[in-house]
Amino acid sequence: MALPLLDARELVKHYGNVEALRGASFTAHAGEVVALVGDNGAGKSTLVKCLSGVARPDSGTILLDGTPVVLDSPVAARALGIETVYQDLAVAPDLDPAANLFLGRELRRGGLLGKLGVLDKREMRRRAVASFHDLGVSLPDVDVPIGALSGGQRQSVAVARSVVWASRLVFMDEPTAALGVVQRERVLDVIRRVRDQGMAVVLISHNMPEVLAVADRVEVLRLGRRVARFDAATTTVEELVGAMTGALSQEDA
Amino acid sequence: MSRTTVALVSTALLLTACGGGGQIGDTGGTGDAKKMVLIPGVAAEPFYISMECGFREAASAAGYEVDVQAPAKFDATLQTPIVTGVLANKPGAVLIAPTDDKAMAGPMRQLKDAGIKVVEVDTKLEDTSIASSTISSDNEQGGRLAARTLAELVGDRPGSVLVLNTKAGTSTTDARAAGFEEEVKKHPNLKYVGQQYTDNEPDQAASKVTATLSANPDLIGVFATNLNTGEGAATGLRNAGKTGVVNLVGFDASPKQVEDLRGGAVQALIAQDPATIGRTGVEQAVAALEGKPVQRDIETDLVALTKADMEANSKYFYRQRC
Amino acid sequence: MTPRTGLRRRLVGANTLWIAVVLLVLIAVFGALRPDAVLTAFTLQTTLVETSVLLVLSVGMTYVIITAGIDLSVGSVLVFSGVTSAMTMNALHDGNATTAGWGVVLVGLLVALASGAAWGLVNGLLIARTGIPPLIVTLGSFGAALGAGQLISNGSNVAGVPDVLSDTLGTGTWFGVPNLVLLAAAVTAVGALVLGTTAFGRHTYAIGSNEEAARRAGIPVTRHLVRVYLLAGVLAGLAGFMALAYFRVASITGHDTDNLNAIAAVVLGGTSLFGGAGSVVGTVLGVFIPAVLRKGFVIVGVNVYWQPIAVALVLVAAVWLDQSRRRARDKR
């Protein structure tokens, strides 16, 4: 097998006396969707935080393309091409989709105006429209605050923002929670497109049929450790639930 | 909002402190009857400093030890702890300018109950049973004087006249405005266009003067009932290029106002006589302490200062220090 | 969709347009009642001069409120800056700066700006670093700045403003336009451009709209908030200096409600107290509505007690409009 894009080994993370990760490992390859599943409290969120630079593990190693990296801030992770779609969206509802897409990475005009911090709004809007088109995100209006859009459209913008800026890996924490059926399909479409562009997508979800529908592989976390790895094509919901609850375990996970 | 909050908290603290039946003033000590304390309405204002000068002079001459304790703001919540603090020392008499005609009644009654003679200066309580005597300016007379002075400045020329008041319900400035209105009607060449409130903000005073100029281009006189309205009115007239054309009559005679009178930004000032208030207060306090007859209410006259006669009346200028 | 229709729809959708309509209606009504007195160059000129100081305060307040913050201290900082500036100028010129030259005035300006900056920095650091709500922090500095001003001025107004300052900035004109108005207009224009076109402005909106999203997007939220309060402080310092030139005295008691007037102007102008939305253009309109109301009422001779009631009605209506617009949006 090819060298994994992301290879996290034996991560340990304490919050006070609580041991959230007890030597958790995780692997993701370029061009695949990996689902990270586990019961509540299994350590999924903590693991994603450690891998996206929001939290630092107490011990363990993170290899990116085989090279050890230190992810001490979200900015550091982003510099390495790792983006995250947060469960609570984290968009600015009063700003329009283009402004949200470029939030914190605004394009400036050339020359003196740019040095004064003047934004190139036209170019940002143009690129945003192009990106939404490429990702199949259809918005009724790109000039209104995204607070005025539907939940699914807002979610699509949040997903698009991560995808546009990611060059290697995107974490998506429950990206389809609270979405209707049609909107959910749209987001899953975007996930497949991103994978087809050669990026790794890590999907965190509670929805097992959805996981099996979109993921190539599944890694199961239980009590702060990886307890099982599955090929999505040959796995059943029962097997996943069994691994999550501890009824089933794999020696080599 | 802030003041209300502070007031509420202070009241709550006071209530707590006073709980349990006793009174803070119940020290039982003898105190110092040969001591007299002045509690002005606010620290460092020329009006009260001038009053303090008269007070110190008269009280020292009468052989009393003097002390002055002023709150940082014209605020009952700040004046109350000063009163209770003074109470602990049991002076013979306290001259006080109550900062609230109701809220200060409680603390001042404690003074009286402790056997201290209380004399009100400048302002007074609603409850007249506490103080032995009250000495204040006759503000209505001041307003009438302002109208007469304005009429003299204007002569026979006809024109509109405006009053700039502070906040609705301020008893002193309302009395000044009322006196002015009453008197100005005796001068048929002066058309009284009413009073405007300014929230005691100079910028509003300036705006109302220029607005009145727009509506009444024949404006010939403005009576500003206190320091801030006077400063705002002077600014408005300056901006309109009407300084000296419209006669501005101000109230009080603090150094900046006297300077404006000298410089021509203001044409007349109605000065109170705070030094006399302070001296008279001492006289009444001494009379009360010695068991002699006391005059319950005394109103001191105000004087008009114009550029022509100001130097002769320089004793009426308010002072920054004694 | 063409930019033209987008622009038209934006205009119609913005609160700013309705506020502008309200302002024009007010002017039209007063103008119809007293055309000889209202529609004159004199009334225009004096109205502009009288709103200049408040306008500068309100520009800074606009930034603060867009971050979902509030600054109650601006009026006190104005007083403090005026006092320090006037006292410095007096000290440099033997106790009375009335006849002092431009060098002294320049020092006075720098002192005023630095005084404002100092309070702004204190506000910003406390709000951004400690997480104490802006309402509480600036309520504290509201009292503290005024107290400090009273302390150093001994509680009384400070006179002795240089004539060269009050004759030029205070009452001077340039081709018929008062210099004070020019300065306020320049500050407003720069404030509007920075807010509307730069990354600084964009980040201000983002923080007010969703602070956590801004932080995760890599915007230095703490640093930015400090800068916004610093800006409000510096502008309050400048306003203090302008008031000095305008009134020729540093008034201690005359600015008790400046903070509320500035907040009212910003909110009237369509800036949301919840943050994330608003504009400097709206604030300009919001400054003028109460000013026009007050002036118009005096000119047409309306009962003085109606004035605060009318201003209050317009303010409450504007906020109600803003909230119902947001509710309509969030329902979707």
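Me: Which domains does chain A have?
Reply: Residues are numbered from 1 along each chain as its sequence is written, and chains are lettered from A in the order in which they are written. The model is predicted, so local features need pLDDT of at least 70 and side-chain atom pairs count only at pLDDT 80 or more, while totals for interfaces use all residues.

Me: How many residues of each domain are in contact?
Reply: Contact (heavy atoms within 4.5 Å) links 15 residues of domain 1 with 13 residues of domain 2.

Me: How much area do the domains bury between them?
Reply: They bury about 1100 Å², with 61% of it on carbon and sulfur atoms; this is the accessible area (1.4 Å probe) lost on putting the two parts together, summed over both. On the side of domain 1, A:Arg186, A:Val190 and A:Arg193 lose the most area to domain 2, together 37% of what that side buries.

Me: Changing topic, is A:Ser131 buried or exposed?
Reply: A:Ser131 counts as buried because its relative accessibility is 15%; buried means under 20%, exposed over 50% and partly exposed in between (1.4 Å probe, protein chains only).

Me: Where is A:Ser131 found, and what does it touch?
Reply: A:Ser131 is found in helix 5 (residues 121–134), a helix being a DSSP run of H or I with at least four residues, numbered from the N terminus. Leaving aside neighbours within four places in sequence, A:Ser131 is in contact with A:Leu101 and A:Val164.

Technical notes:
Side-chain values use heavy atoms; hydrogens and water are left out. Helices (H or I, at least four residues) and strands (E, at least two) are DSSP runs, numbered from the N terminus.
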